[in-house]
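The entries follow in the order in which I made them.

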Amino acid sequence: MPALACCVDAATFPPGYAIVAGDSSLPVVLPEAFSDAPLLPLTNTTVASSLLELPLPSPWSPSHSASLYKINGWGAPYFSVNSSGNITVRPHGLETLPHQEIDLMKVVKKVSEPKSRGGLGLQLPLIVRLPDVLKNRLQSLQSAFDFAIQSQSYGSRYQGVYPVKCNQDRYMVEDIVEFGTPYRFGLEAGSKPELLLAMSCLCKGNPEALLICNGYKDAEYISLALAARKLALNTVIVLEQEEELDLVIEMSKKLAVRPVIGMRAKLRTKHAGHFGATSGEKGKFGLNTMQILRVAKKLEQNGMLDCLQLLHFHIGSQIPSTSLLADGVGEATQIYCELVRLGAAMRVIDVGGGLGIDYDGSQSPDSDNSVGYGLEEYASAVVQSIRNACDRKFVKHPVICSESGRALVSHHSVLIFEAVSASAPVAPTLDSLGLGLHYLANGLTDDSLSDYRSLTAAAVRGDYETCLVYADQLKQRCVDQFKEGSLSLEHLASIDNISELVSKAIGTSDPVRTYHVNLSVFTSVPDFWGIGQQFPIVPIQRLDEKPVVKGVLSDLTCDSDGKVDKFIGGETSLPLHELEGEGGILGSGGGAGYYLGMFLGGAYQEALGGLHNLFGGPSVVRVSQSDGPHSFAVTRAVPGLSCGEVLRVMQHEPEMMFETLKHRVEECIHGEDSDDDELARDTLVSGLARSFHNMPYLANIATAASFYEKKNNDNGGGDYYGDYYPDEDYNNNSVAAVVGEEDEHWTYCVA
């Protein structure tokens with residue numbers, strides 16, 4: 001236990017004090033004065049925290065890390081830890097063979113290394129897309145419903161759709177259409193651009209695939225949906241509001257297109273969690289029972305009741321339990337059966353979204369971060385509820401559709417970023433008090449000196465709670481003195497050290513450190529900032545080592561909300577490792593970078609991310625499993641937005657900005673046109689051009705140093721702004737590159 005330094009009257013030393021050699025004014029509490037000090041109970045004791053402190057009978061292993069970070073809970077069956085202590089991807093889920101696992105550190109290494117060393121030269125942060133995982137999720141969802149339908153003798157089929165609002169990335173949506181073609185898997189759109197996207201993609205899909213048109217609609221939206229029917233796409237216009245029906249009737253007559261119509265019902269069933277706000281009678285979308293009846297009657301009056309073929313509802317995202325699910329599906333199926341009785345040509349029931357995922361590995365229905373079921377239980381509950389309700393009314397079993405976006409795409413995307421530095425609080429010692437204590441005492445008021453003497457007396461008595469009271473009181477008095485101008489900065493710093501020394505000796509100091517990460521929370525993890533959604537965040541390396549630090553993550557933005565300080569399992573800190581040497585982005589030594597991954601973030605984060613502080617989106621690579629020696633191939637690589645590109649989004653004109661700065665360089669660096677002046681101008685202008693081209697995130701020292709390196713240019717350096725533009729072929733991802741080393745063979749097909 002460290003000794004507690006205390007300022008007291010040098011003339012009288014209480015029992016238990018000694019004089020430190022070399023400074024007769026410095027009485028100190030002997031270490032034994034605190035040797036029996038009980039550590040005050042910590043308020044946030046959890047299983048994960050205790051794992052860091054429990055002595056283990058054997059050395060730390062990757063399996064200990066898997067338990068600590070609950071990887072086997074939220075990550076199964078797609079993520080695990082290998083014997084090297086790195087996170088690996090199991091691209092085919094349970095069917096993945098050992099040699100097919102993809103080591104994420106190897107992906108980072110080859111993506112981030114410069115092209116001269118065989119890499120792709122992309123800057124982090126990085127999104128790794130895993131199309132094999134996406135394909136497995138789609139197949140698993142389909143298999144779960146196929147099994148439930150077969151085992152329960154259900155009289156129809158399952159035919160899902162992907163709601164593109166979850167992630168509109170072109171290549172991912174195209175993958176879903178391709179992977180879903182054997183299953184008639186379709187798309188759902190909620191706006192006009194999403195509808196255009198879906199129409200284009202489904203032209204290459206199964207002709208029976210559904211195109212569900214949700215969201216608020218105007219005449220243009222409805223005309224577009226009707227045009228999709230003319231293009232032989234299986235389009236259904238879902239009425240979200242009663243007044244939309246008049247537009248559908250009017251536009252269908254003008255365009256001479258017989259529409260297929262659905263309606264969204266407002267159910268009484270809703271769940272009480274955060275994501276249940278869109279359900280129930282007060283929900284944002286949908287028709288109540290009176291409106292449903294009026295819509296059916298108006299369709300009948302216009303000779304279009306046969307057009308009404310689909311009923312849609314949405315209980316809410318992240319439905320926590322199958323009991324709630326069954327209750328909502330049962331209620332909706334009763335409405336479906338009533339519409340059949342009224343004469344509608346019903347054939348599809350769309351159960352909407354709500355199929356949840358287990359973000360924290362707890363498999364608990366009592367948390368917004370988890371659900372109490374898996375794919376099989378979800379599908380079984382849906383099929384059983386619909387079958388039971390239809391059988392009671394002797395109604396033919398409908399086609400079952402779901403809009404399971406979150407469950408489909410969350411696992412296929414991993415956000416990887418680097419911790420560039422960490423706060424390193426120095427434990428206060430006697431030597432760190434700075435001023436001589438006799439000098440310090442002369443600067444304190446009588447009340448402060450009284451608090452100090454009371455503090456030392458309480459320490460000798462072993463009354464540690466009283467020590468804390470007087471330490472806080474002393475610190476506050478000194479802060480007030482400092483604000484009044486009667487205490488120096490050196491005095492205040494010494495008092496801060498004394499207060500911290502007391503807290504450390506008694507065991508109440510905050511052990512949590514801040515790790516600064518090369519990331520924008522607002523751009524890449526907006527749901528954490530906006531709604532407090534927690535995602536699994538784990539080091540992707542060194543998991544064969546015991547993490548010894550409790551940390552929180554602070555991003556690059558100039559905003560106090562730009563941090564991650566809440567983690568799965570109710571934790572307020574994350575177990576981390578000490579940063580090694582001076583490596584990584586900010587280091588100049590030989591230390592390696594420290595990389596973390598955020599998992600299960602494939603839904604919503606990219607679409608919702610903003611440009612706070614003008615930090616754009618991360619670089620993106622598409623990584624597929626291959627039969628090569630390292631089990632993967634990068635089939636697409638897209639650099640993140642450059643500084644110039646994010647400026648353009650905000651209506652700035654990078655070309656004009658560059659010309660303005662170039663002109664200022666010529667004004668400021670002038671002389672007798674010596675060779676040195678010309679070199680200085682060229683170097684500065686070239687560096688400015690590269691700054692427009694580079695990403696806004698922190699870059700390594702080599703990249704930063706290149707700012708002041710003159711670019712060799714055959715044209716004499718005339719058009720430096722050409723450096724701003726990436727190579728056209730690279731920007732269009734049309735370069736085929738084969739990179740390798742003598743001892744390693746890496747093949748990248750950048751299509």
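I began with Pro-77, which I found in the loop between helix H3 (71–74) and strand E4 (79–81); the model is a predicted one. The peptide bond that joins Ala-76 and Pro-77 is cis, with omega about 0 degrees. I then turned to Pro-125, placed in the loop between helix H4 (104–112) and strand E7 (126–129), where a cis peptide bond with omega of about 5 degrees joins Leu-124 to Pro-125.

Next I looked up positive phi values. Arg-184 has a phi of about 60 degrees although it is not a glycine, and I located Arg-184 in the loop between helix H6 (170–180) and strand E9 (186–189). I noted Gln-363, also not a glycine, with a positive phi of about 50 degrees, in the loop between strand E14 (348–350) and helix H12 (375–393). Are these residues buried or exposed? Arg-184 is partly exposed at a relative accessible area of 27%, whereas Gln-363, at 60% relative accessibility, counts as exposed.

Last I went through the cavities, of which the structure holds five of 30 Å³ or more. The largest has a volume of about 150 Å³ and a lining of 16 residues, with Leu-68, Tyr-69, Ile-568, Glu-571 and Leu-574 nearest its centre. By class I recorded 12 nonpolar, two polar and two charged residues in that lining, to which strand E18 (537–539) and strand E21 (574–576) each supply at least two residues.

For the second largest cavity I noted about 60 Å³ of space and a lining that includes Phe-417, Asp-555 and Met-598.

Definitions and conventions:
Residues numbered from 1 in each chain as written. Predicted model: local features only at pLDDT ≥ 70, side-chain atom pairs only at ≥ 80, totals over all residues. Heavy atoms only, no water. 1 Å grid on protein atoms, 1.4 Å probe; cavity = no way out; pocket = protein on both sides within 12 Å on 5 of 7 lines; lining within 4 Å. Points joined across faces, edges and corners; volume = space filled by probe spheres on them. Helix = DSSP H or I, 4+ residues; strand = E, 2+ residues; numbered from the N terminus. Nonpolar A, V, L, I, M, F, W, Y, C, P; charged D, E, K, R; others polar. Buried < 20%, exposed > 50% of the residue type's maximum accessible area, 1.4 Å probe, protein only.
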